[in-house]
Amino acid sequence: MILSNVFLFLLLALTVSAKEKGLPSSPGHYPSPQGGRSTTDAAWEAAYLKARDFLGNLTLIEKLNLTSGISKFGVCVGNTRDLPDKNMWGICLQDGPVGVRATDYNSAFPAGITAAATFNRQLIYERGRAIGSEFRGKGVDVALGPAIGPIGLKVLGGRLWEAMGSDPYLQGVAGAETVKGMQDAGVMANAKHFLVNEQETNRFTISSNLGDRALHEIYAWPFADVVHAGVGSIMCSYNLLNNSYGCENSYLLNHVLKDELGFQGFVVSDWWATHSGVNAITSGLDMDMPGTVADGKEGQSFFGSNFTISVLNGTIPMERLDDMVTRIMAAFYMVNLDQVREERGPPNFSQNTPNDTDYLFPLVGMGPLITVNTHVDVRTDQSYDVAYQTAAEAIVLLKNKNNTLPINGKRKVKKLSIFGRAAFPNRFGPDCDSRANVGCQPEQQLGASAMGFGSGSATLPYFITPFEALSQRARSERTVVDYGYDLETTDPTFSYMAQTSDVNVIFAMSYAGEGKDRENFTLWYNVDDTIESACKLNRNNIVVVTSPGPVDMERWIDNPNVTAVLFTTPSGQDSGQALTDIMYGDQDPSGRLPFTIAKHARDYVPISTGKASSENGKQQDDEPGKRDLLLDYRYFDQKNITPRYEFGFGLSYSKFSFSGLNIETVKAPDEHLPPPPGWKEPYSSNNVSINATDALFPGTGIDRIPYFVYPYINSTSQTTKNMKPYPFPDEYTTKQKSKPSLAGGASGGNPVLWEVAYRVNATLTNTGDRIARHVAQLYVGYPDSERFPSPPKQLRGFDKIELRPNETRPVRFDLLVRDLSVWDSVTSSWIVQRGEYQIYVGSSSRNLELHSEIHI
Ligand code: NOJ
C-alpha cells in the first residue's frame with residue numbers, strides 16, 4: 001500500500017513542542033553534515049572516492065532503494081533491495097552482538113558484558129574478529145553489534161548484558177576493539193544504540209533526559225571510540241533524548257555524531273524506530289529499517305514512495321539523498337565489502353525459515369523457490385578458543401575463604417553436591433528464546449543460561465552447563481558427585497546431600513533480555529533459601545552467580561559458611577566448562593566486575609515506570625543534570641556509599657603488588673582545543689534525472705511483492721498534490737557549514753583529544769605462588785571545581801598482565817587529552833582544567849595502591 005503524501009506534512013519536530021511545554025528539549029541542528037569532507041581520514045577519503053563514483057551511476061530509484069529496508073520479510077533481519085542493473089544484491093543486516101542470530105552452525109559467544117569483564121583488550125579484539133568472521137561466512141554485510149549502551153545507569157535494564165559495562169571508558173575501549181576485530185574480519189560493524197537506551201520498559205516512549213555534559217562525558221563517549229576506530233554504521237535508538245526521538249534528533253545525529261564526533265559512516269534506524277520521513281532524514285537518519293512504519297503495518301513506510309515524493313517536490317534536497325547513499329556506500333567500501341562479497345557471495349541462510357528450499361521470501365510465500373539455507377558451518381577453531389577463553393577470563397572471584405578454591409588445591413574434596421536450577425539443563429532446551437521465532441518465553445528459562453533473550457541472542461551450537469562440566473571433572477578426580485535440580489530445602493534428600501558432602505556448590509542466577517527489564521535484584525528460584533539452608537547443614541558452600549547485572553547477595557554473603565563466591569555474566573556456549581576450569585584452578589580467575597554490586601537496591605537509579613507526561617504524552621525520565629554524571633561507582637564514591645563489591649573488583653588465587661609510580665609528561669595539554677582541521681568544500685553531484693515519470697512503477701520487469709516497500713510512485717500527480725510547505729523548524733537550513741565544530745574535525749573528534757598528554761608508569765609483581773593475570777587499573781580525579789563538579793575518580797586506563805610467581809613487569813598507561821577533559825556546555829567544547837589531577841593506580845575502583853598527582 002502506498003500512503004498519501006499527507007504523511008509528509010504531518011510531522012512537526014517534537015523538539016519545538018517540548019520546548020514550548022517547558023520539558024527538556026533538544027536543540028535543532030541542520031543541515032546533516034555531508035560525509036567525506038574530512039581532511040584527516042585517508043581510509044575514509046579513499047572509500048568516499050569509490051562511493052561517489054558509484055553514486056554517479058545511480059538512478060533516483062536506485063538511490064532510494066539503498067536507503068530503505070524492503071520489509072521484515074527478507075532473508076536477513078534487514079535488507080535493502082537488489083540493484084540488478086548495477087550487479088549488486090541487497091545489503092544484508094543481521095543481529096547480533098554474540099554471533100549470527102537465527103541461523104545454524106554458528107558459535108554463541110559470551111555476551112558483551114562478559115567480554116568487558118575480561119578487561120583484556122587483545123582478547124576483546126580477538127572475540128570481535130571471530131564474531132566478524134562468522135558473519136562473513138554467512139554472507140552478512142552489516143553485523144548489528146557491538147552494543148555500547150546501555151551504559152548501566154539502571155542496573156535492572158534488560159539489555160545490560162549485551163553492552164560493555166558501567167563505565168564509558170570501558171565501553172569505549174571494548175567497543176572499539178570489537179569494531180576493529182569485526183571489520184578486520186570483513187564485516188561492517190554496527191554500534192548501537194545511539195543514545196541513552198538505558199531501559200526496556202517503555203523503551204519506545206520514554207524520554208531519557210540528559211544534560212549536555214553527561215551526554216558528552218558519559219553516554220556519547222564510547223561512540224567517540226568506535227568512530228575513532230572506523231565503525232561503518234551506527235544504530236539510532238528507540239527512546240527519545242530530551243523529548244526528541246533518537247532517530248530524528250538533529251542535535252544527536254547531525255551535531256553530536258556527524259559534526260563533533262566526525263562520523264563518516266551511516267546511521268540506520270533501530271527496527272521501526274523511525275517516526276517520520278522528512279524530519280528524520282533532515283535530522284540525520286540515513287537508512288530506515290526494516291523499512292515499514294511499524295511492525296504489523298506492512299507496506300507502509302516513511303521512506304519508500306514518500307521519500308521519492310519529497311525529493312521530487314523539492315522538500316528534501318537531492319544533496320541530502322546523495323549524502324545518505326554516499327555514506328552507506330563509503331562505509332561499504334571502507335570495510336572492502338565489494339571484494340568480500342565477491343569472494344563469499346550473498347547470504348547463504350534465511351532467518352525466516354529453517355527449510356533448505358523455500359521461497360526467497362518465505363513469510364509471504366513469494367519469490368522463486370530456491371535453496372535458502374545451505375547450513376554453512378562458520379565455526380572455526382579460533383571462534384571456539386576465543387569463546388572459551390573469554391568466558392574463562394571474565395569469571396570474577398568475589399570471596400574465597402580458607403583456600404576453598406581452587407577445588408582440590410589445598411584439600412582433596414571427596415564428595416561434592418551440586419544444587420540450584422542454574423547449574424542444570426533447561427527442559428525447554430538451552431536458552432530456548434535464542435532460537436528466534438520459535439516463541440519460547442523467558443518464563444521457560446528453567447535452567448542454566450548462556451545469554452539473555454531477544455535480538456542479542458544467537459543459536460547455541462552446544463551448551464556445556466555447569467552441571468555437565470563440573471560433575472564430569474569431579475568424577476574424573478574420583479570425587480563422589482551428588483545433585484539436586486529443584487529440591488525443596490525441607491526435603492530430607494536435600495538435608496542428606498547438603499550435610500554429607502565436603503562442599504556444596506550452589507548455582508544462582510537471574511535473567512533478562514530485550515523488551516523486559518528485571519523486576520528486582522533478587523536471585524531466581526528462591527536460591528537464597530537454598531544457600532541459607534545449606535549453610536545450616538554444612539560449613540563449606542561455594543556459590544556461583546550468573547547474572548546479566550548486579551544482584552542482591554546480602555542474605556548470605558557474610559555467612560562464614562559461604563566460603564567462596566564466583567560471579568559470571570552470560571558466558572555463551574562454554575559457560576560451564578569455563579567455570580569448572582576456573583574452580584579447579586586450571587586458570588587463575590582474572591575477571592573484574594564491570595559494574596558495582598550494591599548492598600541495597602535503593603542505592604541504584606530505578607527503572608522509570610511512571611506515567612507519560614500530560615504535556616506531550618511521553619514518559620519523562622530523570623531531570624537533566626540531576627545525577628546523570630554519577631554513573632555506577634561515580635555515584636557510590638560521590639555519596640560515600642559502601643558497595644558490597646565495587647566496580648573493577650575481583651580476587652585471584654595469587655597475590656600482586658604495585659610499586660614505583662612515575663608520570664612522564666609527553667605533551668602538557670592546553671586548556672582549550674586548537675581549531676580542528678577544516679573540511680573540504682561540500683560535494684555536489686546533481687547528475688540524476690528528477691523527472692517524476694522515471695519514478696513510476698515500471699510496467700514490466702518487476703513483480704510487486706505484497707507488503708514490500710517500494711520507492712515507486714503511482715502517479716506523477718502525487719508530487720504536487722496537497723503541496724503545502726513542510727513546517728521545518730526555525731533552525732532548518734540546507735547550507736552546509738564551512739568548518740567543523742571546535743570539538744570535531746576528524747573521526748572521534750578534534751584530533752588533539754587523541755594525543756597522549758602523560759604516560760603513567762608503574763610496576764606490578766606477582767607475589768603469590770601461581771601463574772596468574774592481574775588487571776592494573778588507572779583512575780583519575782579531576783581538580784576540585786565549582787564550574788565543573790566531577791565524580792571523585794574515573795577509569796582512564798586498564799591493562800591485563802600475566803605474571804609468573806615472583807615476576808615483575810612494567811605497567812604503562814597513556815593518558816590522552818580527552819582523558820583529562822571536561823565538556824563545557826557554554827563553549828560547546830572540551831576543556832582541560834588547570835589544577836591538581838589525582839592519579840590512582842591499583843586493583844579496583846576502591847583498592848588503589850598507588851597515588852600521585854599531575855599539576856596542569
Ligand atoms: C531491535 C533491537 O533493539 C536491535 O538491537 C536489533 O538489532 C533490531 N531489533 C533488529 O533485530
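The lining of the largest pocket holds 23 nonpolar, 11 polar and seven charged residues (Ala, Val, Leu, Ile, Met, Phe, Trp, Tyr, Cys and Pro count as nonpolar, Asp, Glu, Lys and Arg as charged, the others, Gly among them, as polar). The model is predicted: local features need pLDDT of at least 70, side-chain atom pairs count only at pLDDT 80 or more, and totals for chains, interfaces and linings use all residues. Residues are numbered from 1 along each chain as its sequence is written, and side-chain values use heavy atoms, without hydrogens and water.

**Largest pocket**
- On a 1 Å grid over the protein atoms alone, a pocket is an open set of points with protein on both sides within 12 Å along at least five of seven lines, a cavity is a set where a 1.4 Å probe fits but cannot get out, and lining residues have an atom within 4 Å of a point.
- The volume of the largest pocket is about 1100 Å³ (the space filled by probe spheres set on the points, which are joined across faces, edges and corners).
- Its lining has 41 residues, with Arg-81, Asp-82, Leu-83, Pro-84 and Phe-361 nearest the centre.
- Strand 11 contributes the most to this lining, five residues (strands are DSSP E runs of at least two residues, helices H or I runs of at least four, numbered from the N terminus).

**Cavities**
- The whole structure contains 13 cavities of 30 Å³ or more.
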